[in-house]
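Take a look at the sequence and the model below.

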Amino acid sequence: MAAKSLRPVAAVRRVVKCLSEHLGERAFVSREDPIQLGAASEPEPGVIVAVPSETEYEDHHPTPAELLLIIEVAESSAAGDRNREPVLYARARVVQYGILNLCTNELEDYRDPGPDGYRSRQTYQAEQSFNLVAFPDVQVEVADLIPLKYQ
């Protein structure tokens, strides 16, 4: 297995830290753990936000009904993340999907899942913020997700 680049690893850590600080006990935030999309589909997205679980998902992987947000961190794989994952997650009815693009320091925000993909896509620059579908009162600064060294 090839070693992971430091930049996306640092970004995943920042995303988890930021979302955990914003959401506290309101949600379960995890990184690079499997999710259960179907009998033969267990992707491992960069970061997930799921409904709280008393067992903290020790007894099963989060399912689409439990997933509130998925964020992939992309340094060189943005095209793949943009072409495959949105359709996969939208078909599973995951309410919000994001790609933190480290090449452009932008967050691509996908909402309103449908059978052919997400019906809404918005791109936010580093100096902008976005809210969470599941928690509309939570505003996240895109810059807070990007490792400081690369801002």
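## Ground rules

This is a predicted model, in which local features need pLDDT of at least 70, side-chain atom pairs count only at pLDDT 80 or more, and totals for chains, interfaces and linings use all residues. Residues are numbered from 1 along each chain as its sequence is written, and side-chain values use heavy atoms, with hydrogens and water left out.

## Overall build

The chain holds three helices and eight strands. Helices here are DSSP runs of H or I with at least four residues, strands are runs of E with at least two, and both are numbered from the N terminus. Read from that end, the order is α-β-β-β-α-α-β-β-β-β-β. The radius of gyration, taken over C-alpha atoms, is compared with a globule rule of 2.2 Å times the number of residues to the power 0.38. For 151 residues the rule gives 15 Å, and the chain comes close at 14 Å, so it is as compact as a globular protein of that length. The C-alpha trace spans about 40 × 35 × 35 Å along its principal axes.

Contact means heavy atoms within 4.5 Å. Take the contacts between residues at least 6 apart in sequence: 47% of them join residues at least 24 apart.

## Surface and charge

Buried residues make up 48% of the 151 in the chain. The cut-offs are under 20% relative accessible area for buried, over 50% for exposed, and in between for partly exposed, with a 1.4 Å probe and protein chains only. The accessible surface of the chain is about 7900 Å², and 48% of that belongs to carbon and sulfur atoms. Such areas come from the Shrake-Rupley method with a 1.4 Å probe; for residues, only the protein chains shown count as cover.

The chain carries 15 positive and 24 negative side chains. Lys and Arg count as positive, Asp and Glu as negative, while His and the chain ends are not counted. The centres of the two sets lie 6 Å apart. Each charge is placed at NZ of Lys, CZ of Arg, CG of Asp or CD of Glu.

## The nonpolar cores

In soluble globular proteins, nonpolar side chains tend to be buried together. A nonpolar core is a set of buried Ala, Val, Leu, Ile, Met, Phe, Trp, Tyr and Cys residues joined through side-chain atoms within 4.5 Å. The largest one has 27 residues, and Leu-19, Leu-100 and Leu-132 touch the most other members. Helix α1 (6–23), strand β2 (47–50) and strand β3 (67–74) each supply at least two of its residues. Helix α1 gives the most, with seven. A second, separate core has 17 residues, including Leu-37, Ala-74, Ile-99 and Tyr-110.

Beyond its neighbours within four places in sequence, its contacts include Ala-11, Val-15, Ile-71, Val-142 and Ile-146.

Val-12 sits in helix α1 and counts as buried at 4% relative accessibility. Val-12 and Ile-146 are 134 residues apart in sequence, yet 8.8 Å apart from C-alpha to C-alpha.

Leu-69 belongs to strand β3. It is buried, at 3% relative accessible area. Among its contacts outside four places in sequence are Leu-19, Val-49, Tyr-97 and Leu-132.

Phe-135 lies in the loop between β7 (129–131) and β8 (139–141). It counts as buried at 10% relative accessibility. Its C-alpha is 8.6 Å from that of Leu-23, 112 residues away along the chain. Outside four places in sequence, Phe-135 is in contact with Leu-23, Arg-26, Ala-27 and Leu-68.

## Residues to check in the viewer

Is Lys-4 buried or exposed? Lys-4 counts as exposed, at 55% relative accessibility. It is found in the segment before α1. Leaving out neighbours within four places in sequence, Lys-4 is in contact with Val-9 and Glu-32.

Asn-105 has a phi near 55 degrees, a positive value in a residue other than glycine. It is in the loop between β4 (96–101) and β5 (106–114), and is buried at 14% relative accessible area. Asp-112 also has a positive phi, near 65 degrees. It is placed in strand β5 and is partly exposed, at 40%.
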